[in-house]
Amino acid sequence: MNSKTIFEKSHPGRVGTMPPPSDCPAVQACEVIPAARLRGAKPELPELTELEVMRHFVGLSQKNYSVDTQFYPLGSCTMKYNPRVNELVASLPGFTDLHPLSGCQHVQGALQLMYELQKGLAEITGMEAVTLQPSAGAHGEVTALFAIERYFKANGENRHIIIVPDSSHGTNPASAALAGFEVVTIPSSADGLVDLEALKAHLGPEVAALMLTNPNTVGLFDVHISEICRLLHEVGALVYYDGANMNALMGLARPGDMGFDMVHINLHKTFSTPHGGGGPGSGPVGAKGELVKFLPGPTVVKHENGYVLQKPEHSIGRVRMFWGNFLVMVKAWAYIRALGAEGVRNASRLAVLAANYMRVRLQEAYELPFKRVCMHEFVLSASKLKKEKGIHALDAAKALLERGFHAPTIYFPLIVEEALMIEPTETESKETMDAFVEAMLEIAEHESGETLHAAPRGLPVTRLDETQAARKPVLKQ
């Protein structure tokens, strides 16, 4: 599996190009470029044919996992297949050739698309208005918290506490701290939901908001959500919706109807635009009531004579240069328009069905911490395998790589020992899910910790010392 470097494949005199003879008069380099600036020796570039170059880089690309080539059951990440028609729409010259400083009169089509996306996302989430500015999910979180801070300040209230459940995404407390709030963590109850008594114990006039994901990070819909929102509102606090798990609910249930006041959505997860490797992303934020006035701008407003950019009345200002990640918005708009209302609902239904199908097939071989119907993802535990066979969640994940599957999310959420968090999404076939389940069952039933501690053995990168890899990475051969 070890490939030679491109320099090791090089042979003197091989070329991959055939430029035509020059028809320009010969000029000495020193007549144009000062002699001190000229290279003394030829650059040490590899010499290969076009075919050799092509095979080298395609071969390197095939060493990586991708949604196009393998099943990616990363829980909480929603790694669904991204329809190529979205890429086609986003590649239209009328979108790709736009300049961000163009006047509104010259970009009416783009503004119309943004306006329709704002309205569509507001309808899906049950919010009154949406800003498309934030670049990603965590950026959306901190944007909403800045707006919440400004909202209470405008009302003359000094609320400095954000409540975060212990099952939340790690970005929740980080965003709250970045926005200047004090973070209070509350535990989950035995059923994996918010502990209502613990929540009540922390409610008071200092609380600004609760940050909550629903369904939560163990894949369960919190059946107490109406009561949770009522309790927060009774003390004058707000409820913020982390939309990372919206793929279970889009078209079926709206955060705004549950009682949430603000929400962020991940277009690069729920609305099928590619993500990973740091981008691209987009994290629109929606708001209701008085909070609408504090959203970052500009947002797109429709007037009689067309579409214009406008800041809300008490906007916290820009949180990103220009208008946001525009081409990501184009892909999300194309996805929503292609599916339509019923298609969006069916996508959520299929995601939930797929997760529950896999949950039922795996719950006997692995431990199921919360024995109830899940939403779009579920969490297993390898704690029983650890005790009986010495198989850790990490071992199971590495063994899956050998079998052609990307590993699920492991050791998250932290409230589950030896967690394996699996999200199949709605785009995978039953045959693919069955093959993954069979691989998981084979690992649980026929492997041991002794045989798996060295996995993976047959891949370009084998088992790493992960602590050293993080602290002292080797970035070259």
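Phe95 and Phe326 are both buried, and I would like to begin with these two residues, keeping in mind that what we are looking at is a predicted model. Their rings form an aromatic pair of the edge-to-face kind, with 5.7 Å from centre to centre and 65° between the planes. If you look for them along the chain, you will find Phe95 in helix α4, which covers residues 93-96, and Phe326 in helix α11, which covers residues 326-362, so this pair ties together parts that are 231 residues apart in sequence.

Now please turn to a second pair, Tyr115 and Tyr307, where the ring centres are 5.4 Å apart and the planes stand at 55°; since only angles over 60 degrees count as edge-to-face and those under 30 as stacked, this pair is called tilted. Tyr115 belongs to helix α5, residues 108-125, while Tyr307 belongs to strand β9, residues 306-310, so here the pair joins parts that are 192 residues apart in sequence. Are these two tyrosines buried or exposed? With buried meaning under 20% relative accessible area, Tyr115 counts as buried at 18%, and Tyr307 is buried as well, at 10%.

Altogether, the count of aromatic pairs comes to nine, and I will also mention one aromatic cluster, which is formed by Phe71, Phe405 and Phe436.

How are two packed helices described? One gives the angle between their axes and the distance between the axes. For α5 and α11 the angle is about 60° and the axes are 10 Å apart, and the two helices are therefore oblique to each other. The crossing of α5 past α11 is left-handed.

Which residues make this contact? From α5 come Ala110, Leu113, Met114, Glu116, Leu117, Leu121 and Ile124, and they meet Phe326, Met329, Val330, Ala332, Trp333, Ile336 and Arg337 of α11. Sorted by class, the contact holds 12 nonpolar residues, no polar ones and two charged ones.

Finally, let us step back to the whole protein chain, which has 16 helices and 12 strands, and whose C-alpha trace spans about 80 × 70 × 45 Å along its principal axes. Of its 477 residues, 47% count as buried. Among the contacts with a separation of 6 or more, 71% are between residues 24 or more positions apart.

Conventions. Residues are numbered from 1 along each chain as its sequence is written. This is a predicted model: local features need pLDDT of at least 70, side-chain atom pairs count only at pLDDT 80 or more; totals for chains, interfaces and linings use all residues. Side-chain values use heavy atoms; hydrogens and water are left out. Rings of Phe, Tyr and Trp (its six-membered ring) pair if their centres lie within 6.5 Å; planes under 30 degrees apart count as stacked, over 60 as edge-to-face and the rest as tilted. Helices (H or I, at least four residues) and strands (E, at least two) are DSSP runs, numbered from the N terminus. Buried means under 20% relative accessible area, exposed over 50%, partly exposed in between (1.4 Å probe, protein chains only). Axes are lines fitted to C-alpha atoms, for helices over the stretch in contact, and angles run from 0 to 180 degrees between N-to-C directions. Angles under 35 degrees count as roughly parallel, over 145 as roughly antiparallel, 65 to 115 as roughly perpendicular and the rest as oblique. A crossing is left-handed if the near helix is turned anticlockwise from the far one by less than a right angle, and right-handed if clockwise. Contact means heavy atoms within 4.5 Å. Ala, Val, Leu, Ile, Met, Phe, Trp, Tyr, Cys and Pro count as nonpolar, Asp, Glu, Lys and Arg as charged, and the others, Gly among them, as polar.
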